[in-house]
Amino acid sequence: MSAPLLPPEISSRIAAIYKEIEEQYDVVAQELGFSCTGCTDNCCDSYFLHHTYSEWAYLWQGLAELAPEKRQEFERRARDYVARSREALAHGERPQIMCPLNDAGLCGLYRHRLLICRLHGVPSAMTRPDGRQLLFPGCFRCQEITGDRQDVVRMERTPLFQEFVRIETAWLGQKRKVLPKVKMTIAEMIIQGPPHFSHCR
Ligand code: SF4
Ligand code: SF4
């Protein structure tokens with residue numbers, strides 16, 4: 001593939017925040033005695049939308065490192081995913097389709113998986129700009145451990161999201177104000193190719 005998609009300093013910041021998320025996740029999971037081992041479900045079929053150009057480009061950085069045949073296989077699956085998800089949405093249903101990057105139950109692009117993939121599982125909390133706190137209970141299997149308790153240990157999403165806003169601003173600068181908002185599945189990010197900004201200054 002062609003030139004690097006992200007400046008090295010932006011790429012390093014994304015790798016660093018992803019690593020921090022992994023560490024925080026492990027602390028919470030350990031404290032709850034929770035792990036994915038033996039799970040009969042696979043949450044990679046959850047319908048999630050992603051919202052940053054930085055993560056989109058970082059995903060493509062991982063795709064660009066793959067052998068062309070593997071990337072083409074993911075692209076084929078992504079086209080199929082998009083067609084099927086559009087059909088489900090047209091019928092008013094929430095799509096439940098395996099992520100095109102999932103290889104026999106495992107993430108085929110693990111180092112480049114997105115923020116939401118990394119948060120899913122354990123309980124977490126987030127404070128919105130208006131001060132309202134949102135609580136996320138974790139996946140169904142984690143809820144089997146925590147029950148309906150509210151006082152469980154949680155990951156704090158707010159500083160993680162704030163760092164992604166800073167990364168997005170550091171990379172895109174003024175362009176961030178005029179670019180369309182990102183609201184895409186991983187499959188859409190794959191079939192659209194890496195983000196390009198040639199149409200704006
Ligand atoms: S990117 Fe990886 S972890 Fe995320 S949904 Fe797809 S297969 Fe699962
Ligand atoms: S996060 Fe939860 S649902 Fe997903 S694989 Fe792990 S245990 Fe299963």
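This is a predicted model: local features need pLDDT of at least 70, side-chain atom pairs count only at pLDDT 80 or more; totals for chains, interfaces and linings use all residues.
First, the ground rules. Residues are numbered from 1 along each chain as its sequence is written, and chains are lettered from A and ligands numbered from 1 in the order in which they are written. Local features need pLDDT of at least 70, side-chain atom pairs count only at pLDDT 80 or more, totals for chains, interfaces and linings use all residues, and side-chain values use heavy atoms, with hydrogens and water left out.

Helices now. Two packed helices are described by the angle between their axes and the distance between the axes. Helices here are DSSP runs of H or I, at least four residues, numbered from the N terminus. Axes are lines fitted to C-alpha atoms over the stretch in contact, with angles from 0 to 180 degrees between N-to-C directions.

Start with H1, residues 8-32, and H6, residues 158-172. Their axes come within 10 Å and cross at roughly 175°. H1 and H6 are therefore roughly antiparallel (over 145 degrees). On the H1 side, the contact (heavy atoms within 4.5 Å) includes Ile14, Ile17 and Ile21. On the H6 side, Leu160, Phe164 and Trp171 are among the residues. The tally is ten nonpolar, one polar and four charged. Nonpolar means Ala, Val, Leu, Ile, Met, Phe, Trp, Tyr, Cys and Pro; charged means Asp, Glu, Lys and Arg; the others, Gly among them, are polar.

H1 also packs on H2, residues 53-64. The angle is about 95°, and the axes are 11 Å apart. That makes H1 roughly perpendicular to H2 (65 to 115 degrees). Ser11, Ile14, Ala15 and Tyr18 of H1 touch Ser54, Glu55, Tyr58 and Gln61 of H2. Here we count four nonpolar, three polar and one charged.

H2 in turn packs on H3, residues 68-90, at about 135°, with axes 9 Å apart. Trp60, Leu63 and Ala64 in H2 meet Arg71, Phe74 and Glu75 in H3. Four of these residues are nonpolar and two are charged, with no polar ones.

Terms used:
Helices (H or I, at least four residues) and strands (E, at least two) are DSSP runs, numbered from the N terminus. Angles under 35 degrees count as roughly parallel, over 145 as roughly antiparallel, 65 to 115 as roughly perpendicular and the rest as oblique.
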